[in-house]
Amino acid sequence: ASCSKDNNDIIDPTNVERTLLVYLAGDNNLSHEVKEMHDALLKGWNHKTMGPLIIFADHKQSSPLLIKLENRNGQNVSDTLRRYAIENSASPQVLKQVIHDAQVVAPSDSYGMVLFSHATGWLPEKAFVHPERWGVSSTSSVQIAPLSIFEDNGREMELADFAEAIPDNMFEFMAFDMCFMASVETVYALRNKTKYMVAAAPEILAPGFTPLYSSSLGMLYKEEPDLETFGNAFYNYFNGLQGQYQSAAISVVHTAGIGNLAMFTQKITPKLAQLTQEQIDNIQYYDRSGNPHLFFDFGDYIKQVATQEEIDELESILSKVVLFKRNTPRLIDISIAKHSGLSVYIPQEALPQLNQAYEETEWWRAVNN
């Protein structure tokens, strides 16, 4: 990283339309991707047409850095603004501090955020790999891989803590280069934090958003961010690959509509509670870990019990929440025959501890009260 203090071509922050904060929590087995993303952002950023770009970069065997991209003598360079003490990038306190630091070094009327790490949506810490064992015994010999919102050397952040760390109405958009984040539970939790989300209902394969930065980074700096073009570029990249790599789904979500979706779901919840396990097993799912599945297609879930009139109402409400969605026919070894753009957790008899944890989510309380 360059620590040059030259001031050539530095944008006056008072004239900036939007600051983009990129949070790279890579102190895990994704560590090697942090440099690749940093390099791609450095290459794709244009100081003449884009506002400030701030990167929080954390990877193995290095202290986290706060970096600001600059253009000096016609060349993009990385200016290290702060070297943090050995920090846990999966800590809500660290996330809150980084957001504050970005506001200080790059003040703006509008902020966007790109986030990269492991994630499993609303799921509690360490609940993904063996959900039937989660919460049963703290002395269980089962080794559960850490895959929640952010992961730092085995430590994770849960959805409620993540949302709490973000100031209300802070971001114009949040783009998640992370798995399983396009769920009704995450959208509802972030409804007061960001206007829009770019996220995937299933996994996101490497290299994720990295190939988009050279051609589509500017879409995030438009006065009205062109998230559909950005999302479509993601889909086109993976759809152009071969074999198992031709695997992707992406959604652009308007969080303002999630309240209406919750009210609709509340009306139909008593019928949903009557679904049998056989019916649940036939709903489109997005996780590849085998039964019991944890991420189901929201639209397909509702349609199992809805009347045609209710389906029409659902489609009308969903069209105002999910503004854009695309998917390849398969994601590695699962078929994506149905894709409403959002996933949902379905309580199941085999998961009593996880069902109980689910009742602590804002979404569950909204649709069950």
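Helix α2, spanning residues 92–105, has 14 residues and reaches 20 Å from its first C-alpha to its last, close to the 20 Å expected at 1.5 Å a residue. This helix belongs to a predicted model, in which the protein chain has twelve helices and 15 strands. Buried residues make up 56% of the 369 residues in the protein chain, and among the contacts with a separation of 6 or more, 72% are accounted for by residues 24 or more positions apart.

**Helix α2**

- The buried residues of α2 are Val94, Leu95, Val98, Ile99, Asp101 and Ala102. Seen down the axis of α2, these buried residues fall within an arc of 160°, so they line one face of the helix.
- On the face of α2 turned away from that buried side are the exposed residues Gln93, Lys96 and Val104.

**Helix α1**

- Helix α1 takes in residues 31–44, and its end C-alpha atoms are 21 Å apart, which agrees with the 20 Å that its 14 residues should span at 1.5 Å a residue.
- Buried in α1 are Ser31, Glu33, Val34, Met37, His38, Ala40, Leu41 and Gly44. Viewed down the axis of α1, the buried residues fall within an arc of 165°, so they line one face of the helix.
- The exposed residues His32, Lys35 and Lys43 are carried by the face of α1 that is turned away from its buried side.

**Helix α10**

- Helix α10, made up of residues 308–321, has 14 residues, and the reach from its first C-alpha to its last is 20 Å, close to the 20 Å expected at 1.5 Å a residue.
- Ile311, Leu314, Ile317, Leu318 and Val321 are the residues named as buried in α10. They cover an arc of only 130° around the axis, which puts them on the same side of α10.
- What covers the buried residues of α10 includes the strands β10 (249–254) and β12 (322–327), together with the helices α7 (258–272) and α9 (298–303).
- Turned away from the buried side, the other face of α10 carries the exposed residues Gln308, Glu309 and Lys320.

- Strand β5, residues 111–116, is mostly covered, with six of its six residues buried. Tyr111, Met113 and Leu115 point one way from β5, while Gly112, Val114 and Phe116 point the other way, and all are buried.
- Strands β5 and β8 run parallel and are joined by five bridges, and Gly112 stands opposite Phe173 in β8.
- Strand β8 (residues 171–177) also pairs in the parallel sense with β9, over four bridges, and here Met174 stands opposite Met197 in β9.
- Strand β9 covers residues 194–199, and five of its six residues are buried, so β9 is largely enclosed by the rest of the structure.

**The nonpolar core**

- The largest nonpolar core has 127 residues, and of these Phe150, Phe162, Phe209 and Trp363 touch the most other members.
- Not counting residues up to four places away in sequence, Phe209 touches Val114, Ala175, Phe176, Asp177, Val198, Ile204, Phe230, Phe234 and Ile250.

**Lys325 in strand β12**

- Lys325 is found in strand β12, and it is partly exposed, with a relative accessible area of 40%.
- Although Lys325 and Val253 are 72 residues apart along the chain, their C-alpha atoms are separated by 8.9 Å.
- Leaving aside neighbours within four places in sequence, Lys325 is in contact with Ile250, Ser251, His339, Ser340 and Gly341. The side chain of Lys325 reaches the backbone oxygen of His339 at 3.2 Å.

- Thr328 is found in the loop between β12 and β13 (330–331), where it is buried, with a relative accessible area of 0%.
- Its side chain reaches the backbone oxygen of Arg330 at 2.7 Å.
- When neighbours within four places in sequence are left aside, Thr328 is in contact with Tyr235, Asn239, Gln246, Ser247, Ala248 and Ile336.

Key:
Residues are numbered from 1 along each chain as its sequence is written. This is a predicted model: local features need pLDDT of at least 70, side-chain atom pairs count only at pLDDT 80 or more; totals for chains, interfaces and linings use all residues. Side-chain values use heavy atoms; hydrogens and water are left out. Helices (H or I, at least four residues) and strands (E, at least two) are DSSP runs, numbered from the N terminus. The expected span of a helix is 1.5 Å times one less than its number of residues. Buried means under 20% relative accessible area, exposed over 50%, partly exposed in between (1.4 Å probe, protein chains only). The arc is that of the directions from the helix axis to the C-beta atoms. Contact means heavy atoms within 4.5 Å. A polar contact is a pair of N or O atoms within 3.5 Å; within protein, one must be able to donate a hydrogen and the other to accept it, and residues adjacent in sequence count only if both atoms are side-chain atoms. A nonpolar core is a set of buried Ala, Val, Leu, Ile, Met, Phe, Trp, Tyr and Cys residues joined through side-chain atoms within 4.5 Å. Two strands pair if DSSP finds at least two bridges between them.
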